[in-house]
Amino acid sequence: MIDIDKIIDKYYSDNSELKDLLVLHSESVARKAFEIVDRDSSIGDFNLKFIREASMLHDIGVFLTNAPFIYCYGTSPYICHGVLGAEILRKEGLPYHALVCERHTGAGISLQQIIDKDLPLPHRDMLPVSKEEVLICYADMFFSKTDPYREKSIHEVEKSLQKHGQEGIIRFRKWHKMFS
């Protein structure tokens with residue numbers, strides 16, 4: 001069994017403000033994912049243990065980014081937090097959890113988006129593949145670390161995705177039909 005608290009403590013013991021924010025955000029994502037699964041059994045069987053663990057660890061790499069408004073004092077651009085978190089979780093022996101980290105940003109990021117926007121990311125698709133990855137990515141879009149106690153509306157999620165183009169909005173709408 002994975003000790004989520006031990007992993008989070010390992011990387012966040014010296015930044016309690018960020019640790020509290022990370023845990024609050026991650027718990028909100030996990031709760032939303034479980035609400036979706038509980039509400040509609042027709043969407044299929046899910047690995048609930050994995051959803052809990054991966055939801056709690058999906059943003060493990062944020063401390064390495066430069067986002068002082070959310071207590072992150074690293075050097076990398078925030079868009080890199082998923083890839084950085086994936087590296088951490090691979091080192092922790094959690095390759096499937098690492099995929100959630102890598103693929104959860106926005107509504108996922110395609111290779112074409114990375115190239116077109118010249119994003120500082122590896123040149124490969126970073127789109128959720130498994131149903132658990134999709135569910136966590138979808139649930140994550142409803143919660144911002146800048147306003148962690150409030151769940152965004154569908155309109156607010158779509159508005160936040162607009163800056164990255166229509167591709168993410170199309171994926172989000174597809175997932176919304178699947179999960180609502």
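In this predicted model, the side chains of glutamate 167 and arginine 171 meet in a salt bridge, 3.1 Å from N to O. Find both residues in helix H9. They sit four residues apart, about one turn of the helix. Why can such a pair form? Side chains of opposite charge can pair when their charged atoms come close. Arginine 171 has 14% relative accessibility, so it counts as buried, because the limit for buried is under 20%. Glutamate 167 is partly exposed, with a relative accessible area of 31%.

Some salt bridges share partners. Arg90, Glu102 and Arg124 are joined into one network in this way.

Stay with helix H9 for another pair. Arginine 173 forms a salt bridge with glutamate 158. Their closest N and O atoms are 2.9 Å apart. This pair links distant parts of the chain. Arginine 173 is in helix H9, residues 166–179, and glutamate 158 is in helix H8. The two are 15 residues apart. Is glutamate 158 buried or exposed? At 17% relative accessibility, glutamate 158 counts as buried. Arginine 173 is partly exposed, at 42%.

Next, go to helix H2. Lysine 32 forms a salt bridge with glutamate 151, with the closest N and O atoms 2.6 Å apart. Again the pair links distant parts of the chain. Lysine 32 belongs to helix H2, residues 16–39. Glutamate 151 lies in the loop between helix H7 (131–140) and helix H8 (154–162). How many residues separate them? They are 119 residues apart. Lysine 32 counts as buried, at 13% relative accessibility. Glutamate 151 counts as partly exposed, at 36%. Over the whole structure, a search finds twelve salt bridges.

Now turn from pairs of side chains to a pair of helices. Two packed helices are described by the angle between their axes and the distance between the axes. Helix H5, residues 95–103, packs against H7 at an angle of about 40 degrees. The axes are 10 Å apart. That angle makes H5 oblique to H7. The crossing of H5 past H7 is right-handed.

Which residues make the contact? From H5 come Leu99, Val100 and Arg103. From H7 come Glu133, Ile136 and Cys137. Sort the residues of this contact by type. Four are nonpolar, none is polar and two are charged.

Notes
Residues numbered from 1 in each chain as written. Predicted model: local features only at pLDDT ≥ 70, side-chain atom pairs only at ≥ 80, totals over all residues. Heavy atoms only, no water. Salt bridge = Lys/Arg side-chain N within 4 Å of Asp/Glu carboxyl O. Buried < 20%, exposed > 50% of the residue type's maximum accessible area, 1.4 Å probe, protein only. Axes fitted to C-alpha atoms, helices over the stretch in contact; angles between N-to-C directions. Parallel < 35°, antiparallel > 145°, perpendicular 65-115°, else oblique. Left-handed = near helix turned anticlockwise from the far one by under 90°. Contact = heavy atoms within 4.5 Å. Nonpolar A, V, L, I, M, F, W, Y, C, P; charged D, E, K, R; others polar.
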